[in-house]
Amino acid sequence: MADTSLIIGNGNWAVKEDSLLGYNIIQGKYVPIEMNVSRQTTATRVNNAGLIELVPRNLLTYSQQIDNTDWTKNGAPTITTNIAVAPDGTTTADGIKADDAASFKYIAQTKTVAANSTVTSSVFVKKETSETFFGGFTLIFTSPITKIFRLSVDAVLGIVQPTSGNTLTATTNVEDYGAYWRISCTATDNDSNTNVLIGYYATLSTNGTNVVQAVGSVRTVWGFQLEVGSTATDYFPTTDRFDIPRVDYSTGTASLLVEPERINRVFYSEEFDNASWSTINVTVTANATTSPSGALTADKFIPTATTGAHFIFQTGLPSNTYTFSVFAKAGGENTFSMWLVGGSKKAEFDLSNGTVISTTGASTANIIPYPNGWYRCYMYNASAGTDVRFYGRDGSSFTGNGVDGIFLWGAQAEATTVLNPTSYIPTTTATVTRTADLISKTGISSLINSPEGVLYFEGSSIANDGVGKAITLLANTSNFIKLLYSPTLNRIDFVCISAGVVSCNIVKVITDTTANNKIALKWKNNNFALWINGVNQGSDTSGNAPLSLSTLSFTNEGGGEFFAGKMKNLIVFPTALLDTELAQLTTL
């Protein structure tokens, strides 16, 4: 199991991860534990299967609180909260009951997904000893064409049956979770619907197939989940879905992904057939193959049999310098080019061997492989741009055959001053902002030994962009230990301040701060050292240790210089380790 650890006080406080940052184990299933993370939007990551997914993958809000106003209560069912012990051992399972037969009584949430998505919904239903009528689980695609799947639930025997009148085909599954059944259903839309409703009926059926309004007993439910994909993955509880840490596998191993705020300025980033994309000598086939998210949402860019340049474009971006990126895959054609600033800045890519062929107009570019033949291609231009384009081949005139082309998915234009793109930000009708990841832990003075210790970090900076990025152990602005990715390119700083006095300021220029490095800061009275990748990079034998350290912050001591990058491991040791131990700890 891949493992990302954050350990304070020699292991007294630890967070480890498989599919997300933290976990507890519930009957062999992983669920997250809460961390002090602030990000006021959802965001994406690359999961351990190499697929891009939204974090959290559970699209529902308040997944364990069906009394919350985010759940609509159709027909006014009676809701009782916290009436039973849930699968995680907490008394958080809720009840839903039909007290009369005047109408169908059910709870529901509706969420937006990409057109023609495959989704899986799931819920835990408490086992019963007897039932008057069956409850029911429903999954409905809407907008523009309503397609319904309803499932009766026998909570005594753990049997589910599709009801009469369904217009949607779905596959179902029932898992035994001790006192609960976990019921899931998976369906694929093929009518370009963009809304999905998930709901639970207090009473749905008398014989498992017919649909009737009736009085029924309390149905005890917990842990609703709706996710894109064909599998009911480990349950992830949600409230408002924000403030969720991201463990990313884009490098093949787990890293905590920490990023600054960015805006994707491209509209309809996955829908190149939308009118927001103008086409010249190109046809676009929507949902032509499986995308890097695992869903059938990637489009095919097909040059027509016309002789000339073949391209699609969007105009009207705010004038700025951009990193422009897209996921691309060969589809008969092997080369394509990306352009900025009305076609004057270009990068050409070869998707058969994953290389950048050329760049023009002071542009820089790179290409990164993804599973199943996909690449993330990206470029940066040093002058202001206002439109983005995709051309067949190098952008010059040729004659297509109307069949071969390039698969595209996930276009993104983000205002930056460096080449590196950040994680993918999906858009539809408007630009979308992903806010910054802010991480901290307060009140841990008992877990940090201020007189001596070691702060160990393994990871990388997001970019060499002249912006400082800090991780700090502090009491206040007069007492702190700071690891700083310096505004000076490719430099690491170790700063210790004790009672407002500089105890040490050790700096070291290294080969590449955007690469994975192992760094250790050792502090003790008159004994400070900076170790990087198995080597002592500098020492200071005078000065005092800081006082009363109590907070870990992914910022500097004043709350600025937000850390942005990938963290594989972070440990605070309560003793100043020996040189042999520091060498072993930091050797790559």
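**Salt bridges and burial**

Guide: E259 is buried, at 5% relative accessibility; buried means under 20% relative accessible area, exposed over 50%, partly exposed in between, with a 1.4 Å probe and protein chains only. This is a predicted model, where local features need pLDDT of at least 70, side-chain atom pairs count only at pLDDT 80 or more, and totals for chains, interfaces and linings use all residues. Residues are numbered from 1 along each chain as its sequence is written, and side-chain values use heavy atoms, with hydrogens and water left out.

Visitor: Which residue does E259 form a salt bridge with?

Guide: R434, with the closest N and O atoms 3.5 Å apart. A salt bridge here is a side-chain nitrogen of Lys or Arg within 4 Å of a carboxyl oxygen of Asp or Glu. E259 sits in the loop between strand 21 (255–258) and strand 22 (262–264), and R434 in strand 37 (residues 432–434), 175 residues apart. Strands are DSSP runs of E, at least two residues, numbered from the N terminus.

Visitor: Is R434 buried or exposed?

Guide: Buried, with a relative accessible area of 2%.

Visitor: Other topic: how many salt bridges in the count?

Guide: The count by this rule is 20. One of them pairs R57 with E227, at 4.0 Å between the closest N and O atoms. R57 is in the loop between strand 7 (52–55) and strand 8 (72–74) and E227 in strand 19 (residues 219–228), so the pair ties together parts 170 residues apart in sequence.

Visitor: What about D387?

Guide: Its side chain meets that of R389 in a salt bridge, 3.1 Å from N to O. D387 is buried at 6% relative accessible area, and R389 is buried at 17%.

Notes
Helix = DSSP H or I, 4+ residues; strand = E, 2+ residues; numbered from the N terminus.
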